[in-house]
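Biologist: Please set out how the terms used for this model follow from their definitions.

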Amino acid sequence: MERKNHLTLSIVLTLFLFSVGSAGYMIIEGWSLGDALYMTLITLSTVGFGEVRQISGPGRIFTGVMIFMGVGYYMYVGGNLVQFLVEDRIRIIFGRRKLDHQIAKLKNHYIICGYGRIGRVLARYLTERYLDVVIIEKNSGRQSVMDEDGVLYLMGEASEEGLLLKAGIQQARGLITAVATDADNVFLTLIAKQLNPRLFVVARAIQNTAKRTLQAAGADKVISPYDLGARRMAHAILRPTVIRFLELAFTDDSTDIQVEEIQVKSTSRLLNVELKNSGIRQQLDLIILTIKKADNTMIFNPKADTRIEVDDTLVVVGRAKSLTQLEHMLRS
């Protein structure tokens, strides 16, 4: 707004000075509009050209006043121009340094490669759950959108090792590849796994033929948005109640019911405790849907005498407050 005001004032001053100068020469010297405008122009610009015609004493005094006003005018406009250029550059430099400093401090964050339609929705979903996210985007046209969304981002090719290291890939929890082509997604997955073998990588497959290649490259999960969307539409017809429940649990922020997965740590107070004695159902009113064991086997609808073991991952449904309490119990 301040810049707009300066621009408006500069235009108004320009019109005012040319109007006053032209009117002054026409009245004092009796010149035509063309001669008066030209004399005003060379006077305000202080180029040192000769006078258009022989000028009278009062005209010289008026010319001196116009020269003084012209110098002040150019100092004002020039000062605003320098301020505009310098402030913009300083803002860019310090803004970039602030982003880099924030990114350098992150741990257990998520890296999203690509800020197109899918990448933007992913970033919004994660940040709404107070998770740290870093975007890597090569399209400079999306920079203003990322600034508007207030996300942390780096500009450049996501497959550059230096950029991935700068994004904190070695300290990150997961990486999502949502770049333009399957070939780029495969290459990015290979590099990401090389830099951090423990990283959980979710890759987007545009073509079904790319799924196996992405898995072979090391992707922990391969998602095809088109297949997923088609499946979701089919389930909406065949199992509308199930879909409604999943929408409540995963996407409806107005409800308190959620589905969460929680890993059991070696420090958990519930370690080696049977489910019937854990208080998860009785005290927290939570339902355990599945337990994924350390060897990746799944126990669906586990029995009451099933023991909670280290590195188990419990898939639980219930209220957010109870899920938070259970997470504390399983990790400390």
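**Surface, burial and cores**

Modeller: The chain has an accessible surface of about 20,400 Å², and 59% of this belongs to carbon and sulfur atoms; such areas come from the Shrake-Rupley method with a 1.4 Å probe, and for residues only the protein chains shown count as cover. This is a predicted model, in which local features need pLDDT of at least 70 and side-chain atom pairs count only at pLDDT 80 or more, while totals for chains, interfaces and linings use all residues. Residues are numbered from 1 along each chain as its sequence is written, and side-chain values use heavy atoms, with hydrogens and water left out.

Biologist: Why is Leu 17 called buried?

Modeller: Buried means under 20% relative accessible area, exposed over 50%, and partly exposed in between (1.4 Å probe, protein chains only). Leu 17 has a relative accessible area of 5%, and is therefore buried.

Biologist: Which residues is Leu 17 in contact with, leaving aside its neighbours within four places in sequence?

Modeller: With contact meaning heavy atoms within 4.5 Å, they are Thr 40, Leu 44, Met 66, Met 69 and Tyr 73.

Biologist: What makes a set of residues a nonpolar core?

Modeller: Its members are buried Ala, Val, Leu, Ile, Met, Phe, Trp, Tyr and Cys residues joined through side-chain atoms within 4.5 Å. The largest such core has 34 residues, and Ile 111, Cys 113 and Leu 175 are among those with the most contacts inside it. A second, separate core has 16 residues, including Ile 280 and Leu 326.
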